[in-house]
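I open the notebook on this entry.

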Amino acid sequence: MDKTEAAFRVVLGVIGADVHIVGARVMEMALEESGFNVVNLGIQVSQDEFIDAAIETDAEAILVSSVYGHGEIDCRGIRDNCKERGIGDILLFVGGNLVVGKKDWSETEAIFLGYGFDAAYPPGVEPDEPIEDLKGMILLRREASVGKG
Amino acid sequence: MGQLLAVDFGSTFTKVRAIDSSDGVLIASGQSSTTLNTGVMDGLYKALGTMGVPNDLGRFESCLATSSAAGGLRIVAIGLVADLTAEAARRAALGAGGKIVGTFAGELARSDRSEILRLAPDLVVLAGGTDGGERKCIIANALFLSKMNASAALVVAGNYSARDEIEDIFNGTGQEYEIVANVLPGVRELNIGPCSDAIRRAFITRIVDAKGINVAESEFGRVVMPTPRAVLDGCALLSHGGDDEVGVGDLVCFDVGGATTDVYSIGTGSPSEGHTVQRGLPEPFAKRTVEGDLGVRVSAIDVVAAAEREQIAFHGDRHGGEISEYARYVATNTNYLPSSQEEQALDRTLARTAIRIATRRHAGRLEASFDPHGQSYVQYGKDLRPVRTVVGTGGILSSSDYESARQICEVARWDSNDPDFLLPKDPLVVVDHDYVLFAAGLIGDQYPDAAMRLMRQSFGAAESK
């Protein structure tokens, strides 16, 4: 099979002490309908658990969901953690109900991109949008590595 | 009806049990020192002699044996991520009755290769990557192992998608290997059964002979499994029941030995109370852990040290100096038997402490988790609080009077002072007085009801003795 055609492999979960599972479930179903191979780690997932799973499954992206308002603290250092663990280039997406104090979305988004996320999404976004962005980024990566190899 | 002979070639003693195959009655017991140097059959015949039985194995309908001699089944486990596939490989090895002598995670380095050669394991379990997941690590490690000229048996239980490359690596090297299903096919799915079975096959066909455990095949049949696997099987049978004999359901068992304390639990261990989420690797239904630093002879000093670290006072028995002195003595005089009531009490204190620490390490634990909506719990490991049966086994418990032994085992209960250790809250505590759990595991496949009755009679010894 052409390397660029294999199913996209992603790890998904709700980070930190958050127990809100529904958003991640909705995302999981939407991803599967779009042909993704999704490993849903569920709720209360630590950074290390995301990374452990991403390594073992050779995932192309980690999708972090956070709904309870403390996502910013939970996500700090995740890109560095990935680098330490040998998957520094993995795609990192975050979405849900990301709130940082009284900041507006563009400032909040800037904070998460500053943490090393490749994309961040505000509350109320339809799954299609991150899914299309994700597909685009993964395909670019795959083509680049085929080109090198 | 016929008689069955169950033998355990232990690290110190060879134990024999003659069992009636129809009603599971224990007809006779015996033991003698294990004789590796002159061939294990020597010790076996001496043990039969202590039973008052002629040395005629042919009179038994079936002779089955377990072994933990020559250091037991020494295994090195290799995976990718320490908490995932490396841990899954360890659990498969423990479930097979093995002794983990080394664990490696990630790609092996040259010093790891030297370490593995130095350890000289009997068997290596190679895992890494979920199915369809990461493959570079397991392939690199396979390549590494293929150049090592180690004489160990090899079971490959990792990313199944990489099996062609792994076959290509080992074919033509003369390395004996078996590729089985992944111990961790998906990050939330543990599947250690096929790997444990493969380990057992290697044990029967290669490892037993390599260790010099040559048994008279014409009469005997092979050494069927490592001893701890037989105990695990006995526990699983006790839980599940036979054809007519009803099982006891979920249970916890511990085997206190001279060098180690093994703990077994049968059951899913899923959270028994609300607002609790389980984290960590999925738990094996039949789970074995081994505490290599907790035993009443070789490891006696380590028991005292562990108690000090964990700040356990030796309540009600002897304190400080006396127990340390006794521990130092028995650690080097491992065949020593207590010669006074005081020494008996010290022995019991060692056993009680080993059981307390070992069961707490085996049991799951709770951590409180706070979020804006209130408190919930995260559970690591198994919730054993609802377990209704606890079984104590091991030489020191079998040789004590039943009630004293049972009292020692009570320490495995849930303690309201340390509520986060998820131990059984309200169990029936019994003792394997006849020391037959290994025998039940051995005969249980073919004679499940006899095995059940054998165990029940041993546990019920309080009534008859």
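**Ala70(B).** This is a predicted model. Ala70(B) has 19 other C-beta atoms within 10 Å, so it is partly exposed. A buried residue needs 20 or more, and an exposed one has 12 or fewer. I then checked the backbone. Phi of Ala70(B) is positive, about 55°, although the residue is not a glycine. I placed Ala70(B) in the loop between β4 and β5 (74-79) of chain B.

**His275(B).** I found another positive phi here. His275(B) is not a glycine, yet its phi is near 55°. The residue sits in the loop between β12 and β13 of chain B. Is His275(B) buried or exposed? I counted 11 other C-beta atoms within 10 Å of His275(B), so it is exposed.

**Chain B overall.** I listed 16 helices and 18 strands in chain B. The radius of gyration of chain B is 22 Å, close to the 23 Å of the globule rule for 465 residues, so the chain is as compact as a globular protein of that length. Its C-alpha atoms fill a box of roughly 65 × 60 × 50 Å along the principal axes. I noted that 52% of the 465 residues of chain B count as buried. I also looked at contacts in chain B with a separation of 6 or more. Residues 24 or more positions apart account for 70% of them.

**Domains of chain B.** The domain assignment gives three entries for chain B: domain 1 (3-70 + 211-221), domain 2 (74-205) and domain 3 (233-464). I took the centres of domain 1 and domain 3 of chain B over C-alpha atoms, and 27 Å separate them. Their contact takes 16 residues from domain 1 of chain B and 16 residues from domain 3 of chain B. Which strands supply at least two residues each on the domain 1 side? I found β1 (3-9), β2 (13-20), β3 (26-33) and β4 (62-67) of chain B. By class, that side of domain 1 has six nonpolar, six polar and four charged residues.

**A sheet in chain B.** Next I traced an open sheet of five strands in chain B. The order is β14-β12-β11-β17-β18, and the pairing is mixed. β14 (286-291) and β18 (428-431) of chain B are the edge strands, each pairing on one side only. Direction ignored, neighbouring strands of this sheet are turned by 15° against each other on average. I then followed one pair. β11 (residues 251-256) and β12 (residues 261-266) of chain B pair in the antiparallel sense over six bridges. Within β12(B), Ser265(B) stands opposite Val252(B). Helix α8 (residues 227-240) of chain B packs on the sheet and touches β11, β12 and β14 of chain B. The direction of α8 makes about 30° with that of β12(B).

**Contact between the chains.** How many residues does each chain give to the contact? I found 20 residues from chain B and 14 residues from chain A. On the chain B side, α2 (82-95), β13 (276-279), β15 (365-371) and β16 (374-380) each supply at least two residues. That side of chain B has nine nonpolar, seven polar and four charged residues.

**Chain A overall.** Chain A has six helices and five strands. From the N terminus on, I read the elements of chain A as β-α-β-α-β-α-α-β-α-β-α. Its radius of gyration is 15 Å, which agrees with the value near 15 Å for a compact globule of 149 residues. The C-alpha trace of chain A spans about 45 × 30 × 25 Å along its principal axes. Buried residues make up 40% of the 149. Of the chain A contacts between residues at least 6 apart in sequence, 75% join residues at least 24 apart.

**β3(A).** I checked both faces of β3(A). Ala61(A), Leu63(A) and Ser65(A) are buried on one side, and Ile62(A), Val64(A) and Ser66(A) are buried on the other. Strand β1 (residues 8-14) of chain A pairs with β3(A) in the parallel sense over five bridges. There, Gly13(A) has Val64(A) as its bridge partner. β3(A) also pairs with strand β4 (residues 91-96) of chain A, in the parallel sense over six bridges. In β4(A), Gly96(A) is the bridge partner of Ser66(A).

Note on methods. Residues are numbered from 1 along each chain as its sequence is written. Chains are lettered from A and ligands numbered from 1 in the order in which they are written. This is a predicted model: local features need pLDDT of at least 70, side-chain atom pairs count only at pLDDT 80 or more; totals for chains, interfaces and linings use all residues. Domain bounds come from an automatic or database domain assignment. Two residues are in contact if their C-beta atoms, placed from the backbone, lie within 7 Å. Helices (H or I, at least four residues) and strands (E, at least two) are DSSP runs, numbered from the N terminus. Ala, Val, Leu, Ile, Met, Phe, Trp, Tyr, Cys and Pro count as nonpolar, Asp, Glu, Lys and Arg as charged, and the others, Gly among them, as polar. Two strands pair if DSSP finds at least two bridges between them. Axes are lines fitted to C-alpha atoms, for helices over the stretch in contact, and angles run from 0 to 180 degrees between N-to-C directions. The radius of gyration is taken over C-alpha atoms; the globule rule is 2.2 Å times the number of residues to the power 0.38.
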